[in-house]
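Thanks for coming, everyone. Please have a look at the sequence and the model, and then I will walk you through a few places.

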Amino acid sequence: MLRREPDPASSLIPGSTSSSSPTTQSAHPWAGLIAAARRFGRRRRGPITVVASLATAAVLVILLGGRRDQFVAALSAASAWVLAATVLLQIVALVARSEAWHLTIGAAGGTVDRRVLYRASSMQVLGGVVNGQLGVAARIAALRRSSPAVSPQLPTLVAAEFPILAVEAVLAALASFTLVAPLDLPWWLPLLGVALVGAVSAGLRHLAVRKGRELWSGLAVLRSLNGGSRVVGFVLVAVFAQILRNWLLLRAVGVDASVFDATAVLIAVVTLGQLPVGPSVGAAAAVLILGSLGVAAAAAAGVLMTVTGTVGGLCFAAWAGGDRLWSAGRQAALRRARARRTHTPTRGDTSKT
């Protein structure tokens, strides 16, 4: 009786029994679980966000149990001019970050008009209320939909976010010492973070000099000292505006917070914003960092951060919507004017009756 040899080609067919050996499967025992978790997260992103948001809100309600009067008093302590100033600072931060994005897109070869790009950037406000990553995806999709002919390809647009994120990561790493005391972290952890972020930034700079791939084109702004410094400058304006906004609100509700405390809250907000915690991220971050100074006041400051940030974002989005309508009306008027000029007869063209 002849022994049947296994077909070598069958090992290349997905789903075949010989496609993976027991040795390979045992070498990565968690690979299947991680892949399944990722698939579940992509398919159930909406329900996960709702559940996580409700869970975060429930934890905050429990922490505020018996402190309702203190919470209401802290909310009412913020004056109108402080709220107006923080809304304005949020708008400044959004405009500065949009200008940084305009620089990275232009360096990547895009010829998108600044006003069109600002309108697309305003879409991040709506998506960012739910999740920070969703906000970035929303503005990239809006730009591709509004200006597909003059905007770079999707890989380039995604890579164009990296220089901005790299600058923000470097700033966060340099300021991560502000988290040591509130979170009782080891003193050497910020040094490790600075080294890690520095290595990643150097890697991005190395990839920026490569050419021939759309993905590396998004890093083109890092090839010039002038372009890179301008991006850093606009990101610094956006970050400092957010820190000042946090500091004003913390002081307004009665929290004896320093600029370093406001910086730590901002880092916590950005970090927790990557999780599906929803609109509760501001209060959760403030309580996590400054809860020892008063849970009610810290939660009130976090709520005001979310409210004023959302109002500022909606003002930016309202301008974008109004500018879109104005541009559409102007283009329609120009088309009507061209049509009238085309159909209006000249003096020598009138026919005799």
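Predicted model: local features only at pLDDT ≥ 70, side-chain atom pairs only at ≥ 80, totals over all residues.

**A short tour**

Let's start with Arg341. Arg341 sits in helix α17, which covers residues 295-343. What gathers around it on the surface? A patch of positive charge, made of Arg335, Arg336, Arg338, Arg340 and Arg341.

Now a patch of another kind. Trp187, Trp188, Leu189, Leu191 and Leu192 form a nonpolar patch on the surface. Together they have about 590 Å² of accessible area. Take Trp187 from that group. Trp187 is in the loop between α11 and α12. It has 64% relative accessibility, so Trp187 counts as exposed.

Asp184 is in that loop too, between α11 (180-183) and α12 (189-208). Look at the backbone here. Asp184 is not a glycine, yet its phi is positive, about 55 degrees. Is Asp184 buried or exposed? Exposed, because its relative accessible area is 70%.

Helix α5 runs over residues 80-107, 28 residues in total. At 1.5 Å a residue it should span 40 Å. Its end C-alpha atoms are 41 Å apart, so the two values agree. After α5 comes Gly109, with a positive phi near 105 degrees.

Helix α10 takes in residues 161-174. It has 14 residues. From first C-alpha to last it reaches 20 Å, close to the 20 Å expected. Which residues of α10 are buried? They are Glu161, Pro163, Ile164, Ala166, Val167 and Ala173. An α-helix has 3.6 residues a turn, so residues three or four places apart point the same way.

What connects α5 and α10? Salt bridges, and the structure holds seven of them. In one, the side chains of Arg97 and Glu161 meet, at 4.0 Å from N to O. Arg97 lies in α5 and Glu161 in α10, so this pair ties together parts that are 64 residues apart in sequence. Both Arg97 and Glu161 are buried. For Arg97 the reason is a relative accessible area of 14%, because buried means under 20%.

Arg97 has another partner. Glu168 forms a salt bridge with Arg97, and their closest N and O atoms are 2.9 Å apart. Glu168 is partly exposed, because its relative accessible area is 24%.

One more salt bridge, elsewhere. Asp256 pairs with Arg251, with the closest N and O atoms 2.7 Å apart. Asp256 is exposed, at 61% relative accessible area. Arg251 is partly exposed, at 40%. Back to the earlier bridges for a moment. Through shared partners, salt bridges join Arg97, Arg139, Glu161 and Glu168 into one network.

Last stop, Val259. This residue lies in helix α15, residues 259-272. Its relative accessibility is 47%, so Val259 counts as partly exposed. How far is Val259 from Trp247 in space, C-alpha to C-alpha? The distance is 6.2 Å, and they are 12 residues apart in sequence.

That's the tour. Over to you for questions.

Notes. Residues numbered from 1 in each chain as written. Heavy atoms only, no water. Patch = residues over 30% accessible without salt bridge, like charges linked within 9 Å, V, L, I, M, F, W, Y side chains within 5 Å. Areas by Shrake-Rupley, 256 points an atom, 1.4 Å probe, with all protein chains shown as cover. Lys, Arg positive; Asp, Glu negative; His and termini not counted. Charge placed at Lys NZ, Arg CZ, Asp CG, Glu CD. Helix = DSSP H or I, 4+ residues; strand = E, 2+ residues; numbered from the N terminus. Expected span 1.5 Å × (residues − 1). Buried < 20%, exposed > 50% of the residue type's maximum accessible area, 1.4 Å probe, protein only.
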